Amino acid sequence: MSAFLAPKQLIELEARALLTRAHRVRPFALTETMVVAASFSVEAQAAIERHMSAGRHEVRRKVSEFLAWLLGAEGRAATPAQAQQRFVFLRLRFNAVLTQFDLFSEVVTQRSEHETGVFLGGLDVFAKDALQVPGMPYEAPPVVCYLQRGQGAAIRRARTRLPGGGENPVAIIKVPRERMVGAGIASSLVHEVGHQGAALLELVESLRPALQARAVNAGPDAVAWQAWDRWCSEIVADLWSVARVGIAAPLGLMGVVSLPRPFVFRKEIDEPHPIPWIRVLLSAAMGAQLYPHPQWSAIADTWRALYPPADHPDEYAALLQTLVRTLPDAAKAFVEHRPPSLGGRSIGAALATPDRAPAQLEKLYQRFGSAPLEMRKTTPSLVFAALGQARADGAITPEVESRVVAHLLTNWALRGAIDMTDICSARMPNRLQPKTADRTSTIRRRLTA
């Protein structure tokens, strides 16, 4: 029997094996199959590929440097334990790159699923529109969506730290699969977009001192203002959702938090999410601040009828009463807050637009009925706001709503793909542009036919 490998020989072979595996981590553009309409935007795909390419090159460089050290004079003089310690840290960095690869791979792979991939492409377009609010002083990062089990949505914001280090190049929004396909997706998606927008504008950082100051002078209501402060991040995201899609926001929120009573009346107030029962009422109150209309009181009354606040211990019942009493002032405080990033404008004034007022949305939906193709030409967030208003008014059935949303998501995905074709064709040599432009024009005519 031959002698077992010497310690440093084993380390060398392990490092070389690491290098071979690093070479197997290929760009997504070479490994994933999807129809063009399901693909990411050019900006998102480029950002992801650049980030992963940098990670791959870093790992390969570090492994090569380690092997050069190990086989050089310093490595030969080092003890096996010293060499092993350096190799272990190198392998941890490699595993961190793989973790990031798996994170993006999960997002990319769903684009190959029949129909689902195209719907996700449409959601990307919707999310981009919800984030690009007119007049905002920021450059919106690319946004990509994917599906996952569970009740609520979630976001990994752009420009935040990834597992293993490095900055996330795109905003990644996890959408609950049970929300597909209907207008209820709007509430969850735009709420998560709101987290990204709030971070870009530093809304939470500006709001919290103001809320904490209210708590100091609130007397017996201090506990409520302390709660509004603790829940600030989620409330701002809910405000973004109400401002962009109107009553679709609290309607969708009700769908997410419609759970057994112990969950709706959660006793713990130290969590970042508001008590679900209070959260729906606050969403309606912020809607009333942004777009005054009797419907907001009606939806709050409906929520109370579904979950009447009865049979609670005295201490918890008193907390709910305090929260409800301060709720109108809290809604006003969030809507009317003027953060430095908005240059003197309030959050409500910056986010709300007249075309989202209930009466305008009702007229818009009626116009869609006589001219359905107009839906395709309208911005996605405004279309979802109109559909949500129609749902609240009982003017659309869930069956029709699902068909309309599926059609719109497909259309937006295709339109995004054609826009990407235009971008790419504009960068081609002049001798190729006429033919490509003619083909793109033909596709456009077919799409709008």
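Buried means under 20% relative accessible area, exposed means over 50%, and partly exposed lies in between (1.4 Å probe, protein chains only). This is a predicted model: local features need pLDDT of at least 70, side-chain atom pairs count only at pLDDT 80 or more, and totals for chains, interfaces and linings use all residues. Residues are numbered from 1 along each chain as its sequence is written, and side-chain values use heavy atoms, with hydrogens and water left out.

**Exercise 1.** Classify Arg-367 and its salt-bridge partner Glu-374 by accessibility.

Solution. Start with the term: a salt bridge is a side-chain nitrogen of Lys or Arg within 4 Å of a carboxyl oxygen of Asp or Glu. The closest N and O atoms of Arg-367 and Glu-374 are 3.1 Å apart. Next, take the areas. Arg-367 has 40% relative accessibility, so Arg-367 is partly exposed. Glu-374 has 26% and is partly exposed.

**Exercise 2.** Find what the salt bridge of Arg-208 and Asp-229 ties together.

Solution. First, the distance: the two side chains meet at 2.7 Å, N to O. Next, the places: Arg-208 is in helix 8 (residues 203-216) and Asp-229 in helix 9 (residues 222-230), so the pair links parts 21 residues apart in sequence. Helices are DSSP runs (H or I, at least four residues), numbered from the N terminus. Last, the areas: Arg-208 is partly exposed at 34%, whereas Asp-229 is buried at 10%. The whole structure holds 12 salt bridges.

**Exercise 3.** Describe how helix 9 meets helix 15 (residues 314-336).

Solution. Axes are lines fitted to C-alpha atoms, for helices over the stretch in contact, and angles run from 0 to 180 degrees between N-to-C directions. The two axes come within 9 Å and cross at roughly 55°. Angles under 35 degrees count as roughly parallel, over 145 as roughly antiparallel, 65 to 115 as roughly perpendicular, and the rest as oblique. Helix 9 and helix 15 are therefore oblique to each other. Now list the contact (heavy atoms within 4.5 Å). Helix 9 brings residues including Trp-225 and Trp-228, while helix 15 brings residues including Leu-323 and Phe-334.

**Exercise 4.** Decide whether Gln-389 is buried or exposed, and name its contacts.

Solution. Locate the residue: Gln-389 lies in helix 19 (residues 380-392). Check the area: at 1% relative accessibility, Gln-389 is buried. Then list the neighbours: leaving out residues up to four places away in sequence, Gln-389 touches Ile-247, Gln-295, Pro-358, Leu-361 and Glu-362.

Terms used. Helices (H or I, at least four residues) and strands (E, at least two) are DSSP runs, numbered from the N terminus.
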